[in-house]
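User: I would like to learn how to read strand pairing, helix packing and salt bridges from coordinates. Please take them in turn on one example.

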Amino acid sequence: MSIRIAAVGLGHAHIYNQVETLLKAGAELVWLYSDEPERTPEFLARYPYVKQAQTLDEILEDPTIHMIVSAVAPYERAPLGIRVMQHGKDYSVAKPAFVSLAQLEQVKSVQAEIGRAHEI
């Protein structure tokens with residue numbers, strides 16, 4: 001079984017490094033979601049087979065997705081990661097993952113709540 005992934009947020013070119021690294025490791029890219037439609041044509045040109053989600057929830061609710069990779073704006077990274085973890089999925093994000101100590105504490109709290117160890 002391969003790891004099924006989704007790309008969420010194309011705000012930074014690191015999304016391509018993240019996706020390519022996982023694809024080379026055998027992952028399967030399934031979904032794309034971005035609230036910046038002007039950035040999607042380049043991504044879809046590279047990965048024309050990927051399904052484009054209309055909402056983030058469409059991906060979060062897909063039980064076949066194991067991991068979400070993201071390059072959203074820095075202030076959005078921790079809140080997105082929290083939502084992803086609360087849906088039982090793993091999360092990989094371009095750095096920095098947090099922009100404040102408060103965000104770090106929120107992430108630690110969710111990790112304790114869901115009982116899964118994630119690298120910080």
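User: Which residue is the bridge partner of Ala7 in β2?

Analyst: Strands (E, at least two residues) and helices (H or I, at least four residues) are DSSP runs numbered from the N terminus, and two strands pair if DSSP finds at least two bridges between them. Here the partner of Ala7 in β2 is Leu32. Strands β1 and β2 run parallel and are joined by 5 bridges. This is a predicted model: local features need pLDDT of at least 70, side-chain atom pairs count only at pLDDT 80 or more, and totals for chains, interfaces and linings use all residues. Residues are numbered from 1 along each chain as its sequence is written, and side-chain values use heavy atoms, with hydrogens and water left out.

User: What is the strand order of the open sheet?

Analyst: The order is β3-β2-β1-β4-β5, 5 strands with parallel pairing. The edge strands, β3 (51-52) and β5, each pair on one side only.

User: Which residues of helix α1 are buried?

Analyst: Buried means under 20% relative accessible area, exposed over 50%, and partly exposed in between (1.4 Å probe, protein chains only). An α-helix has 3.6 residues a turn, so residues three or four places apart point the same way. In α1 (residues 14-24), the buried residues are Ile15, Tyr16, Gln18, Val19 and Leu22. They share one side of α1 because their arc around the axis is only 165°, taken from the directions from the helix axis to the C-beta atoms. Thr21 and Lys24, on the other side of α1, are exposed.

User: What do the buried residues of α1 pack against?

Analyst: Contact means heavy atoms within 4.5 Å. The buried residues of α1 pack against β1 (4-10), β2 (28-33), α2 (40-46), β4 (67-71) and β5 (90-93).

User: How many salt bridges are there?

Analyst: Side chains of opposite charge can pair when their charged atoms come close. The rule asks for a side-chain nitrogen of Lys or Arg within 4 Å of a carboxyl oxygen of Asp or Glu, and the count comes to 3. One of them joins Arg4 and Glu28, with the closest N and O atoms 3.2 Å apart. Arg4 lies in β1 and Glu28 in β2, so this pair ties together parts 24 residues apart in sequence. Asp57 forms another with Arg83, the closest N and O atoms being 2.6 Å apart. Asp57 is in helix α3 (residues 56-60) and Arg83 in helix α4, so that pair links parts 26 residues apart in sequence.
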